Structure formats: C-alpha cells, structure tokens
Amino acid sequence: MSFVVRGAADVLGGVESWRMWWMLAKNDVIRRYRRSRIGQLWLTLSMAAMIFGMGAVYASLFGTSMSAYLPHLGTGLVLWGLISSTIIESCLSFIENDSIIRQVALPRFTYLLRTIARNLFVFAHNLIILPVVYLVFGSPINWCILLFIPGLLLVLANLAWVGYLLAILSARFRDIPQIVASIVQVAFFVSPVVFKPSQLRIDHPVLVLNPFASMLDVMREPLLGNLPSATSYLILLGLLIVGWLLSLAFAGKYSHRVVYWL
Amino acid sequence: MAHIVLDGASVELAIYNSRGRGLKSEILRRTVGGGLQNDRDSSIQVVKALSEVSLEARDGDRIGLIGGNGAGKTTLLRVLSRVYPPTSGIASIEGRVSSLIDLAMGMDTDATGYENIEMRSIMLGLDYKQAQAIIPDVEEFSQLGDFLSLPIRTYSSGMMLRLAFAVSTAVHPDILILDEVIGVGDAAFAERAEDRLHNMIQKASIVFLASHDNNSIRRFCNRTLWMKGGKLMMDGPPDEVLAAYAADSAV
C-alpha cells in the first residue's frame, strides 16, 4: 500500500508541473511542422485523405453506401489514432526525455503527461474533419453527443495508467516498444474500426474481451448520435480501478529507478 | 535555508551492455514473454559509482570537489541535484537546486532565441510571468540584440553558449551545482561571464563546484571534498585537501 501512496505522489506532482508538460507538448507539435507552409494542417489533411481513401474501398467491399459507412469509419479512424499513438508513444515517454531526466528532478508522470497532451493536440486537429464528414454524409447529431466528453475522459484516464506502466517497463526493457507497436497493429484489425460492431454477434469475444472495442464505443457512438452500451462503461470503469491500483503500486516501487536505466 | 545531509549514500549503476540487449531481443523474437525473466544474466555489470558517502552541508558552504576521472564526482553532483536517488543510504536535500552541468538542456534549435528563453525558464521552474521578467536581463547580458528573434540554429556555437549561459544564470537557486567553471565566448564576454557567475555563487546558499583546476577551487571554495573510486577520501579546507590529493596523485 505504501507503494501506491508513493506512486500517487508522483502522479499528483506530475499534474502540478503542468507548465512544463504543456509547454513541451505544444512545442513538440509546433516543431514537427515548423517551416512547412501549411504547418499543423498536414495532420488534418493526411487523416482526411486516409478516411476518404479507405472509405471508398471498404464501402464497396462491405457493399454499403458511402453515406452509411463513412461517418462510422471516419470517427473510428480519428479515435483510433488517439488511442494507438498515445499507447505507442507512451513507451518512449522516459526514453526520449533522458537528457532532462538526468538533469532535473521532476515527477516522472510529467513526461507521460507530455506524451498524452501532445497526442491530444494532434487529436484536436484531426477532430476538425469529423463535422465535415457528418455534414457531407448527413449523419444525425443529437443530445447523445454530450456523452462524448465523459467517454473521452474515461478513455484518457485508462490510457494514462497503461502508458505509465509501459513507460517504466520500456525504459528497462528496450524491446517493449517494439512489442507494443505490433500488438497495437493487430488490435486495429480485431477492433471495430473498419467494420461495425453490429456486423458481429453482440457477445462476440472481439467486442467483450477487447477493451479497445469499449474505448471506441464510449467515444464513437455519442458522436454518431447513438447511446454507448452500458457494458462498455462497466468494462472501462473496472479497468480504470484495477489498472490504476496496479500501475501506482508498480510506479511507487520502480519509478525512482528509471533514471538509472536510461 | 538550504541544508544537505548525506548519510551512507551509495549509488550502484547497472550497465546493460549492447551485447546483452541484442541477445535479449533475439531471444524475445523467438519466445516472446519468457525473455523478460532474463534480467539476471551475465551481460549486466554493476558499477558502484558512489560508495557510502556521508556529509553535511550548511548555509555558506562553498564546496569544491576534486578527484580523477571516474572518481564519482558527477555521480555525487547528480545525487545532490536529486536526479539520482541513492540506491542505499539517505540523501536529504532542502532548498531549490539548480545545476549548470548541461547548459543547453531543453533548447530547441528551430525555435527563436526568445522562445528558447521562455522554454528554458519554465524548465528552471519559473512561471510565464517570471519567464517574461528575466527577458530584459538576458537581452542585456547576452548582447545578442536582434539575433534573439532568429531561430537559434542560425547561431554560432559561441552565440548559442552566450544565450544558454545568460538564461541559466538569470535564476538564483539556493543550491548551485557546477561542473567546472564555465568559460564562454570571447575575452570580453568571458570576463563578464565570470563576474556573473561569481555573483551567482555569492548569492547561493550552498555551492558545489567539481573542478580539475586547483586555482578555481582555491578561489571559490572554503571547503573541499576529495573523491576516489566512489569513496569520499577527505573533507576539509581546500589547501590541505589539495595537498593530500597532489601527494596521492604523485605516487
């Protein structure tokens, strides 16, 4: 239990040094597109190209109309981008900040928040496409959309503990980032991003045992004007509690050793 | 007031060499999962970088750190700046620490001089308002003028160092940690830099200075630690410790 307390102190300390991670994350996005003429808009454009390209192919593959399929795919891809890149980049949270970690004593969670904030900025750019897609293809929008915010927060809170755990493990075992990247790639195909959950039985293992399916559910359905299933919320809440306890205990025990592994 | 107590502080570093990592990834490719148990293999070497160091430092201490390469000076400085938590023993450090070991930490070469001033200040623990407040000081001291509006990748290394030095020394910490007295830029600037550093040393409550230059130790310090092989050999007035160190090196 004392490890959990120590881990929690690290997390709170990280949140407190918000100036640092906010500034670093903002600079990460700016730096990537500095000296490019349309700058950060490239994020939006490449996501739009992907949505319309894949949409055209898969709509005819599944034999559905573009207007029935594209809002689903577009939303799915944008949300998947947030989930997958946050997980993959969290592995490098400590490794890529080694020069700072070796010089300033800051709570470790600060660096994880840098990764999460950076991915949120990118996500915000991609989000711009969705209203356009909904307008063009006439997707219904109703009050369910308000559920998007709690859904997003629930997913981020889950990604934070996963990332914290992965960041510590990756600092020690440098093979973890590669393993995680391949797992996430496989997860893309077994999660309902390209296909619709309704194409499977409601209790199909791909929907029940796959937390990514729940994450997509609580964020995507509100945007498309549907209610997410209660099961998704239960799964994510359960993971949130168990995951954070595990992650805090682990961090309390090992996060101070991270500097020796870099 | 700043106060430092180290009690039997040791740092053991585990070195994971490239052969170990390469092999491990090979094993992992074949049997994913089982490979993680493999962390006690012979490819890991443990180096005792600091062994049982005990010392106390109070307000007004100007402490020099001498010893050969690999004696543990940098490791000790990192423990003192709270970067390395001791693997055994206790380190209690009260007061705001700032180390001038890597001046260029956190500089982004594509950002302008002004943006870098802001970023560096935030890393030093200031808020946005305080960061804005040190800009005139940095402008005045670095004498970079209009160059501050240009990306710092256009700077020469001398100009870059001027900026880094000016920002790093604009904030006054309680505990100041220096690895060698930094010489920056041309003769005129070097002189002003020394004044500024001198001023900073005077204002700090506790100063640690690791140096191979006996003159700067004599000039700045009122107490000296001699490190050898990770151990603290001697702790006393600069002249006595320097003499003992010189005698030991001569053998």
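Two strands are said to pair if DSSP finds at least two bridges between them. Helices (H or I, at least four residues) and strands (E, at least two) are DSSP runs, numbered from the N terminus. With these terms in hand, I begin with strand 3 of chain B.

The structure before us is a predicted model, in which local features need pLDDT of at least 70, side-chain atom pairs count only at pLDDT 80 or more, and totals for chains, interfaces and linings use all residues. Residues are numbered from 1 along each chain as its sequence is written, chains are lettered from A and ligands numbered from 1 in the order in which they are written, and side-chain values use heavy atoms, with hydrogens and water left out.

Strand 3 (residues 62-66) of chain B runs parallel to strand 8 of chain B, and four bridges join them. One of the partners can be named: I63(B) has R223(B) as its bridge partner in strand 8 of chain B. Strand 8 of chain B also pairs with strand 9 (residues 231-236) of chain B, in the antiparallel sense and over five bridges. There, T224(B) stands opposite G236(B) of strand 9. Strands 8 and 9 of chain B form a hairpin with two residues between the strands, and G229(B) takes a positive phi near 55 degrees in this hairpin.

Is strand 8 of chain B largely enclosed or largely open? Buried means under 20% relative accessible area, exposed over 50%, and partly exposed in between, with a 1.4 Å probe and protein chains only. Five of the six residues of strand 8 (residues 223-228) of chain B are buried, so this strand is largely enclosed by the rest of the structure.

I turn now to another sheet of chain B. This open sheet has three strands in the order 2-1-4, with antiparallel pairing. Strand 2 (44-57) and strand 4 (88-94) of chain B are at the edges with a single partner strand each, so one side of each has no neighbour in the sheet. On average, neighbouring strands are turned by 30 degrees against each other, direction ignored. Strand 1 (residues 3-16) of chain B pairs with strand 2 of chain B over ten bridges, in the antiparallel sense. Y16(B) has I44(B), in strand 2 of chain B, as its bridge partner. Helix 2 (residues 73-80) of chain B packs on the sheet and touches strands 1, 2 and 4 of chain B, and its direction makes about 120 degrees with that of strand 1. Contact here means heavy atoms within 4.5 Å. Axes are lines fitted to C-alpha atoms, for helices over the stretch in contact, and angles run from 0 to 180 degrees between N-to-C directions.

Within this sheet, G8(B) deserves a separate word. G8(B) is placed in strand 1 of chain B and counts as buried, at 14% relative accessibility. Which residues does G8(B) contact, leaving aside its neighbours within four places in sequence? They are E52(B), V53(B), S54(B), S88(B) and G89(B). The C-alpha atoms of G8(B) and G89(B) are separated by 4.7 Å, although the two residues are 81 residues apart along the chain. E52(B) is found in strand 2 of chain B and is exposed, with a relative accessible area of 57%. Phi of E52(B) is near 50 degrees, a positive value in a residue other than glycine.

My last topic is helix packing. Two packed helices are described by the angle between their axes and the distance between the axes. Helix 5 (residues 157-168) and helix 6 (residues 187-203) of chain B pack at an angle of about 20 degrees, with axes 11 Å apart. These two helices of chain B are therefore roughly parallel, a term for angles under 35 degrees, while those over 145 count as roughly antiparallel, 65 to 115 as roughly perpendicular and the rest as oblique.

In chain A, the axes of helix 4 (residues 66-90) and helix 6 (residues 109-127) come within 9 Å and cross at roughly 160 degrees. That makes helix 4 of chain A roughly antiparallel to helix 6 of chain A. T86(A) lies in helix 4 of chain A and is buried, with a relative accessible area of 1%. Beyond its neighbours within four places in sequence, T86(A) is in contact with G81(A), T115(A), I116(A), N119(A) and L159(A).
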